[in-house]
Amino acid sequence: MTASASSCWSPIVSTLVPYVPGEQPKIDRLTKLNTNENPYPPSPRALQAIRETAADGLQLYPDPDATALRRAVAARHGLALGEVFAGNGSDEVLAHAFFAFFQQGGAPLLFADITYSFYKVYCGLYGIPYEAVPLDARLRVDVEGFARPAEAPVAGVVVANPNAPTGEGLPLAAIERLLQLHPHRVVLVDEAYVDFGGETAIPLVGRYPNLLVVHTLSKSRSLAGLRVGFACGQRPLIDALERVKNSFNSYPLDRLAIAGATAAMEDEDHFETTRRAVMDTREGLALQLEDRGFEVLPSQANFLFVRHPAHDAAALADGLRQRGVLVRHFARPERIAQYLRISIGTPAQCEALLQALADLV
Ligand SMILES: *Cc1c(COP(=O)(O)O)cnc(C)c1O
């Protein structure tokens with residue numbers, strides 16, 4: 001008898017529950033409103049920088065510290081170089097942060113019951129227990145639900161702001177409340193969508209040694225395909241992330257990514273124009289969907305979270321798919337099973353969505 005190859009697995013591998021990303025279809029005639037990518041191309045300056053970098057130097061390793069990129073992020077946000085960490089997508093930055101801060105002897109990490117589902121996946125990977133704090137009746141993050149008695153051990157707090165997949169953001173005062181509730185643990189604020197109308201907590205970094213703010217270039221900088229994210233926090237937090245990163249991969253960002261991301265961070269005009277366009281389209285689409293009978297949650301993100309009182313969400317998602325429009329439906333948890341998450345496309349893509357919906361509702 002030969003053993004099956006899976007019997008060679010480390011035992012933990014069979015316990016992992018991996019994240020399932022939204023569909024990336026192989027055919028490109030579809031209107032893709034399912035993974036919150038930016039509908040506009042990245043900064044032309046980023047593309048130029050990538051081309052120039054590709055033309056010269058790929059035989060050499062990249063800068064292990066991604067200094068040019070971190071300098072651009074630090075300059076834009078009024079931080080010191082040592083207060084910025086860069087990684088291969090914010091997912092990698094999050095993974096390193098979970099490893100660095102939240103393995104606290106079996107104490108639970110706190111995050112909302114309905115939020116970015118990768119948080120649970122990292123907990124599984126690193127053996128971190130967690131407690132889910134239910135969203136309130138209107139699907140908003142319940143800040144006071146994160147309070148714990150002084151003697152209760154807590155590993156830390158993670159909050160997506162604006163939250164995903166609901167889209168609503170917390171004001172800075174609420175983030176400060178979380179920081180004050182758990183002054184001895186890291187409060188990680190995942191601001192993947194903040195540039196579409198939320199309030200960033202980066203200005204609080206100087207005052208709160210326990211604050212770590214994580215950003216991605218995948219959404220508001222139109223660079224999902226380049227895989228770049230960063231974290232901002234006081235030096236001891238950044239030092240911890242670097243220790244983990246340098247125990248895992250010295251060169252998570254390649255030369256093309258460093259060059260493209262640096263140029264993208266420096267192109268304020270392109271950033272402003274495209275994020276404004278997404279926000280304007282979002283407001284128009286919300287009204288159109290309400291006209292068609294949908295309930296639309298308030299959104300400060302590049303997507304809308306909607307439900308129709310008379311139509312099953314899974315059936316709507318199927319019907320849209322048959323008409324060439326992809327949106328995201330989460331069958332679980334139960335509480336959101338009747339919602340659809342619709343990424344904001346170009347005005348033409350949103351029109352295609354509305355046309356397809358005209359047959360269905
Ligand atoms: C998209 C997203 C990320 C991941 O972004 P990448 O930088 O592409 O890895 C992280 N957090 C939230 C809440 C997101 O929606």
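An oxygen atom of the ligand is 3.0 Å from a polar backbone atom of D91. The model is predicted, with local features needing pLDDT of at least 70 and side-chain atom pairs pLDDT 80 or more, while totals for chains, interfaces and linings use all residues. Residues are numbered from 1 along each chain as its sequence is written, and side-chain values use heavy atoms, without hydrogens and water.

**Exercise 1.** Find which side chains have a polar atom by an oxygen atom of the ligand.

*Solution.* 
- Step 1: apply the cut-off for a polar contact, a pair of N or O atoms within 3.5 Å.
- Step 2: take S218, where a polar side-chain atom lies 2.6 Å from a ligand oxygen.
- Step 3: take K219, where a side-chain N or O atom is 2.9 Å from a ligand oxygen.

**Exercise 2.** Sort the shell around the ligand by class.

*Solution.* 
- Step 1: list the residues with a heavy atom within 4 Å: G89, S90, D91, Y116, D190, A192, Y193, T216, S218, K219 and R227.
- Step 2: count three nonpolar, four polar and four charged residues; Asp, Glu, Lys and Arg are charged, Ala, Val, Leu, Ile, Met, Phe, Trp, Tyr, Cys and Pro nonpolar, and the others, Gly among them, polar.
- Step 3: assign the largest share, three residues, to helix α3 (residues 89-101), helices being DSSP runs (H or I) of at least four residues.

How values were computed:
Polar contact = N/O pair within 3.5 Å; in protein donor to acceptor, adjacent residues only side chain to side chain. Helix = DSSP H or I, 4+ residues; strand = E, 2+ residues; numbered from the N terminus.
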